[in-house]
Amino acid sequence: MTEPWWRWSRGPFAHAISYFPRFRRPFVLGLLCVVPSAALDLATLLIVRDIFNGVTGAPGVQPMSFQGVVAWSLAVMLITLVKGAFKYGMRYWVTGASREFERVYRQDLFEHLMTLTPRDIAHIRTGDIMSRSVADIEAVRMFLGPAVMYNAQTAVVMPLALVTMAVIDWQLTALMLVPFVALALVVKVAARPTQHWSQLSQERLGDLSTVAQENFSGIRVVKAFVAEAASRSVFERMGRAFLESNVRLATVRGLTSASISIAKDVGTLVIVLLGGWHMVQGRLTLGDFLLFLAMLNWALWPLIAVGWTLGMYHRARAGAVRLNQLFALQPTVRELPGAVAPAALRGELEVRHLSFGWGTTPVLHDVSLRVPAGETLGITGRTGCGKSTLVQLVSRQVDPPPGTVFLDGRDVRELPLTFLRRSVGVVPQDSFLFSETIASNIGYARDEIDLETVREMAAAAHVDADIEDFPRGYDELLGERGVTLSGGQRQRTAIARTLAADPPVIILDDCLSAVDTVTEQAILRGLRERLADRTAIIVSHRVAALSLANRIVVLDEGAVVEEGTHEQLVARCGPYAEIHERQRLEAEIEAL
Amino acid sequence: MSAAARGSDNGRPAAARDHHDEEVDVAALYNKRILRRLLQFARPHHGKLAGSVALLVLGLALQIAGPWIVRRVVDGPVQAAIDGRGADPAFDLTGPLAEVSRLGLLFALVALVSAGVIVLREWHMNRMGQRIVFELRNTLFGHLLRLPVGWYDRHAVGWTVTRATSDVDALSELFTTGVALLAYDMLKIGVVAALLIWIAPQLSIVALLMLPLMMIVSFRFRHNARSAYRATRASLSRLNAFLQERLSGLAVVRLFRREAASSRRFDQLNSKYYDDNMVTVRHFSLFFPTVDTLAQGVKMGCLVYASWLIAQGSLTMGVFIQFWMYLDFVFDPIRELAERYNVLQAAMAAAERIFGVLDTPAEDGSPPRATPAGPAGPGEPPAVEFRGVSFAYSKGPPVLHDVSFAVRRGQRVAVVGHTGAGKTTLVSLLCRFHETEQGVIRLHGRDVRSLPQHDLRRRIAIVQQDVFLFSDTVAANIRMGDTSMPDDRVRRAAEAVHADGFVRRLSQGYETRLAERGANLSSGQRQLLAFARALAADPDVLVLDEATSSVDSETEALVEDATRTLLAGRTALVIAHRLSTVVTADRILVMHKGRVHEEGTHDELLARRGLYWRLYRLHLAGSETEAASAGAQRIAPDAD
């Protein structure tokens, strides 16, 4: 172990341990049960010994009558029942507390993650976060919960067993320590290689999955180049490596479990040989002999548990480190302390001399825009011109530099996040929907929404007819087991979702790209009505969508290159006019 | 309106129709057919299997010998000493002591051999089990690769990967320990029960009467624990799905300020998981004390009865101790039996899914169809010929209508058209990724359906629009499994298409391992590698599906030049997006809505002022301001 347990409060486990005071009661109660259950275990063993001695009439022991045997046996059963209750309490309370810890800890992790922006966690794969949330928390839980319980059990049982045995026959006890200690050592020594091979095994399984996944994803290439045999041989090679580490792992594990049987056999051998001699010499009664055999079973298990804990330590520690890393992530978009929401919102958006870059790559150069309340601004430009970045900054999905983006004349950085999100609604470019019902996706922004409103919003986004065609209509689940929406349907549902939030300012970020032109026209007609009294920004490649706007801005390489109404821009024969001409041709071809 | 839909992050736990319940396998019932099929995989190893059985039986015999020796010690020297001392306090103990030593030595011998047997058994059985699973996995993977492309269109990649990994792993437990230990435990219970009856018939009645009760309790408990466990898996799966979605859709969560609502919903799911876990915790907390109490009951019952029998003189102390020790031999496997049964069930469920895949017919399962050669045209047959081909993907709308065209040897034909015109489907049909429904496709005059798959595909090389690279070395990606291809040819192919330059700059040149899907290369570099791959394959017919993704102008020039090299003097069908490729083609097919709309050379088609002419003008319009709308076709400003 890297650090002794009394230092854990400062090591990687510190954060996890800080949760424990909350579960002090069940945890302590459970641990308290360890003592009586061990004591009662010992009591039954001793009573059984006495019954044996009474039955065989060992020297110096009163022979026990049959009634006595029955009475004592009943007593044993009674004790066993009481002991069962304590064992139940021990497991239930300690494991329960560790589960409760797990729940609260995971909840905190989730809530922490929700404070972050996608960019803050972009460097960690989703699968990685998932495995931390499940496997790593589980490892920490096992280590701080059940493992503590088993160790407490060991701490109580071992001294009890050793003292009892030593009082009866210290020589025999001393000799029995040999297999015990040897076993503890074997388990401890095996912990490292077990960890090593199991990790390697996991990695190789990962490699194997990757190869399988690649070949299945690229099945057309594999088949086109008749590379099946080669793929098989790569898979076999990976499989062989996996096989090898598995065999190694199984060997280490097998040796560990074999050493348990062997330790038991050696212990029995000691009892048979030395105990036999002592019985012949009259120093040990038959009952004691049997007690020693029983002690072997009783004391061996706690020893194994200690070994198991040691094996688990590294895994739990690594898990705690990884979890701490997640908790250490700081959100980049934060609400300023004391941010106050204005009483009313007019909805005027302004961008002043905004320059921005991702890392060292400049994206926007000195962009200035003004959208008066209730007006619609169109933004267009080729891929990579900075449109999406501009949208992210204006809606504060990413923090703009101070003093560049204003809502009603106030820097968006100084507004409370809830106010800002309620005021500025964005239909993002990638229309991510959750795999829940269509109705709950449309009503996503609200705590409660009635079906009528959902329908109305769906109608406004021209997706109502599509939805009503599904067998379950608005109750249809999305995703793998539900219906799969086409790109256009997704985009329209996403529009309905934002409309349902009813924001005074709305930004449509190129959200009709997968919709055919006819539907687009219909949606735009509907939107014209909805946008009438709102401030809006429409980002699009399509002239038809932009023509809704009061003014249009053309971006190129992060700077505004053209600005004006649709008519002005078409007349100017600049980039906008070219897009216009091109789309006219496309429509012509489509109509053929 | 009474029905109320609620915001998804705040709603009730998902409706009854929840797929996570289905995901957790409903354990397959014990199925002889599946078990027999599984055992077939073990058949080639029957020698080793016999070895493990022998080791198991030997191990059992040695285990049983232990208590027997203890009995000999107690009833022999110990009893003799007690009796002797009772008669004469100065009884000579040398004889009994020596007897104990002899028996102790015997015990040591048994323990030693037993240790050897156990170690050997662990090692041997694991090796064998892993080996069987290894072979099964290879068989499965090999079969999967032979399944038709259409099958892959219908199955998610993740699902398929799970078959080849997790499911096979579930079997691994079965083969390495499961079956053998299950058999061993059954054998042990049977043998020890018989021994109990044999050594103390009267006493055994007490024990054996209570054994069924223990078994019932054990199975009952494990059954409950199993269903509780299943509930736990289902709620964990739901929790994970929710977490994963909130992470993927974090931007949406934040845009709509649903962090708090998401947390509330997560709390519900998390608490459900906790509750389900607590059911399991309760089961287990109850299970162990209950079984222990029952076992203790059996033992105490035996003890009471034995004390009476001993007093009667019809049972010796040694026999009773042996009996007492054997009781534990029965209790332990009973405790484990139900668990082993669960392993078996899980393995059965996995096996059922695996056999489901293995039973899916492979694409080359049926022999090539014999088709009439058809009237041979005058002279050499065209390299590629489509005659009246119509096609629709399963139940979808028709994608191709009555398409006919031919590519003569050495000719280069460009296919142009808007998205959805059916261009890519032409390639799929030519390579027989899908079977044509109507019409005939011929390669050098032979119906492609009459050619063995491998033959057909070896003659055609494809460069796909969406280049697929494997996370293997650069060289391996060019070789594509042809291990006989000399390094020299790999390098020359790369040189010819201008890939050599950047490959050499990679840390280990051609031996550099690429990231998944070649993510560490630019899209232009990936295209060049795909060119090198096709060139190295040196096919009869080259099919090039040009990429639409934009690359920087420097790379663009390289790609364009590489395209020229690749196509030089080759029979080629090009799904063209690059004007230079189109203009220099021997013939151009203009596809529109699944039909060949126009056909001819560049000049002819321009003169016709039809669809091609419009597409061409669209190109020119697009050359200035590139719009990302569908079907964007790039043109290099300096195109010839």
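Biologist: Why is A:Val189 called partly exposed?

Modeller: A:Val189 has 16 C-beta neighbours inside 10 Å. A residue is buried with 20 or more other C-beta atoms within 10 Å of its own, exposed with 12 or fewer, and partly exposed in between, with C-beta atoms placed from the backbone. A count of 16 falls in that middle range, so A:Val189 is partly exposed. This is a predicted model, where local features need pLDDT of at least 70 and side-chain atom pairs count only at pLDDT 80 or more, while totals for chains, interfaces and linings use all residues. Residues are numbered from 1 along each chain as its sequence is written, with chains lettered from A and ligands numbered from 1 in the order in which they are written.

Biologist: Where in chain A is A:Val189 found?

Modeller: A:Val189 sits in helix α6 (residues 170–217) of chain A. Helices here are DSSP runs (H or I, at least four residues), as are strands (E, at least two), and both are numbered from the N terminus. A:Gly311 is 122 residues from A:Val189 in sequence, yet their C-alpha atoms are 9.1 Å apart in space.

Biologist: How do you know whether α6(A) is roughly parallel or antiparallel to α9(A)?

Modeller: Their axes come within 9 Å and cross at roughly 25 degrees. Axes are lines fitted to C-alpha atoms, for helices over the stretch in contact, and angles run from 0 to 180 degrees between N-to-C directions. Under 35 degrees counts as roughly parallel, over 145 as roughly antiparallel, 65 to 115 as roughly perpendicular and the rest as oblique. The angle is under the 35-degree limit, so α6(A) is roughly parallel to α9(A). The crossing is right-handed, a label used if the near helix is turned clockwise from the far one by less than a right angle (left-handed if anticlockwise).

Biologist: Which residues make that contact?

Modeller: From α6(A) they include A:Phe180, A:Leu183 and A:Val187, and from α9(A) they include A:Leu303, A:Val306 and A:Gly311. Two residues are in contact if their C-beta atoms, placed from the backbone, lie within 7 Å. By class, there are 12 nonpolar, five polar and two charged residues. Nonpolar covers Ala, Val, Leu, Ile, Met, Phe, Trp, Tyr, Cys and Pro; charged covers Asp, Glu, Lys and Arg; the others, Gly among them, count as polar.

Biologist: And what makes α2(A) and α9(A) roughly antiparallel?

Modeller: Helix α2 (residues 24–56) and helix α9 (residues 286–328) of chain A have axes that come within 8 Å and cross at roughly 155 degrees. That angle is over 145, so the two are roughly antiparallel. α2(A) passes α9(A) in a right-handed crossing. Among the residues that meet are A:Leu45 and A:Phe52 of α2(A) and A:Leu290 and A:Trp298 of α9(A). The contact has seven nonpolar, three polar and four charged residues.

Biologist: Why is A:Cys573 called exposed, and where is its place?

Modeller: A:Cys573 has 11 C-beta neighbours inside 10 Å, within the limit of 12 or fewer, so it counts as exposed. Its place is the loop between α18 (566–572) and α19 (575–591) of chain A.

Biologist: What is the phi of A:Asp408, and what is that of A:Cys573?

Modeller: Phi is near 55 degrees in A:Asp408 and near 60 degrees in A:Cys573. Most residues other than glycine have a negative phi. Both values here are positive, in residues other than glycine.

Biologist: On to chain B: what are its domains?

Modeller: An automatic or database assignment sets the bounds: domain 1 (28–200 + 337–364), domain 2 (202–314) and domain 3 (401–624). The C-alpha centres of domains 1 and 2 of chain B are 25 Å apart. Eight residues of domain 1 and nine of domain 2 take part in their contact. On the domain 1 side, α10(B) gives the largest share, four residues.

Biologist: How many residues join chain B to chain A?

Modeller: The contact takes 131 residues from chain B and 132 from chain A. Helix α9 (residues 259–312) of chain B gives the most to its side, with 29 residues. The chain B side has 69 nonpolar, 39 polar and 23 charged residues.
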